[in-house]
Amino acid sequence: RVARRVANFRLKTFPVEGRQPAMESISFVFSDRATVPGFLGLDVQKEVLEHVAELKPDKVLLVTDVTVDNLYSDFFTPLAGDTRGETGVAEHSTSSELSIEKMVLPSGDAAKSWDHLSELIEWNFRVGATKKSVVVAFGGGAILNVAGLFASIAYRGMKVVYVPTTLLAMHDVVTSLKTSICFDGRKNNIGTFYAPTKILIDVAFCRTLPKNELFSGLGELAKNAALLGGVHAEGFKSALTREAINAGNGGSGEELSYGDDTMLKLVRLGIQAKMEVLLVDAYEKQSGMIFEYGHTMSHAIEKAYGDGVIPHGLGVTYGMLACSYAAERMGVMSAKARKEHDEVCNLLIHKWPLPHPRPSTKVVMALAMRDSKRGITSEEEHEISDVLLRGMGDIVPTKTSMLSKFPCSLFAEWLETIIGDSPEQRILSKEKKEMSAATLMLLESYPGA
């Protein structure tokens, strides 16, 4: 129903007035809540800087992370002659039109903490920022999340521009009004909904992505493929075929990497998937909740390993496998449909197995039972919730924001198939239908179980 309702959505591209059409213009329409101008291109530093300058800020508050700063520390220096970081060291450039202050946070989810949010707020007032100042979030999804939250609450709302540098951020993070940090060992449990002023995407940043970040972006595309099917499944599968990988690596097939044209196509595909749905559900409370597919288990696995170990998109792919396992066990998904679904996930999983040592089922499940979505479906103490599918592109509809509740024991049973220390422990026979005694014993110790 979601796909039919928004079937007419298309990415509209047209030249930017007064400039060469180096960047495609994309209108990010979040239902009736916000319409954000976005721009997509390749090697478009000049255009990105022009877009920021056009806002005529009295200061630019540049928020980035250690990794991005090491690679692209000079990207914004042409905007100002005195770009000062928290070290107080000035960086020279050819213009003195803008004053830029820079805050460098840790990479990944380590940036999404209460302490770093507080640090940003204190920094904002210390450097004399005003309502006319513009926050520029320059980095991956974590930086966009925390900088967006900071911008949403400082002065009750400051202008913020998103300049994503990872594949995941380019198609999955900018296509949401969500901002967030992680608190008390939970994922994304403090945040707001807030629209950026502009979204500026230069796909050239993908050339320096490490393998784990590339996989992370692909993981969310795998999720879209399973949820929506059709062109999204076809596009994902074609990008992950051996032929496509070999073509980009001289036939070796050893490394997963893509050329600029493929990356542009993948970013467009991901943007289209999200915006088709958010066109009618800006705050992802109803139909938009489908994009939480796989996230209950994903967030638990990520937190069990610790920040920065499991790329988010890969965690989501494992979470999708947990959901398909539960769906088949409950008779919601047929064995044939599950096989087709899991084949999409396995295109990534076989290239990126969970590292050792692996956290215990007990630890992962304890975290999963504290998921931020908990309560939407009024779960009993022994139940857990996630989106469920009948098959590729066939979402189980519910009146509880597209979430279904089911026994948490199904997720615990699935975990046993991958958490064990030996291949025999990690792989259960297809004929196994009953939960093991070990799982039952572990469940007795879960909060509320």
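1. Helices α7 (residues 211-228) and α8 (residues 230-239) cross at roughly 140°, and their axes come within 7 Å. Axes here are lines fitted to C-alpha atoms, for helices over the stretch in contact, with angles running from 0 to 180 degrees between N-to-C directions. The crossing of α7 over α8 is left-handed (the near helix is turned anticlockwise from the far one by less than a right angle; clockwise would be right-handed). On the α7 side the contact uses L218, L221, A222, N224, A225 and L228, and on the α8 side G230, H232, A233 and F236; contact means heavy atoms within 4.5 Å.

2. A word on the source: this is a predicted model, in which local features need pLDDT of at least 70 and side-chain atom pairs count only at pLDDT 80 or more, while totals for chains, interfaces and linings use all residues. Residues are numbered from 1 along each chain as its sequence is written, and side-chain values use heavy atoms, leaving out hydrogens and water.

3. Next come α11 (residues 295-305) and α12 (residues 312-329), packed at an angle of about 130° with axes 7 Å apart. The two are therefore oblique to each other (angles under 35 degrees count as roughly parallel, over 145 as roughly antiparallel, 65 to 115 as roughly perpendicular and the rest as oblique). Their crossing is right-handed.

4. Do have a look at α15 (residues 408-419): 12 of its 12 residues are buried, so the rest of the structure largely encloses this helix. Buried means under 20% relative accessible area, with a 1.4 Å probe and protein chains only. Among the buried residues are W414 and E416.

Conventions. Helix = DSSP H or I, 4+ residues; strand = E, 2+ residues; numbered from the N terminus. Buried < 20%, exposed > 50% of the residue type's maximum accessible area, 1.4 Å probe, protein only.
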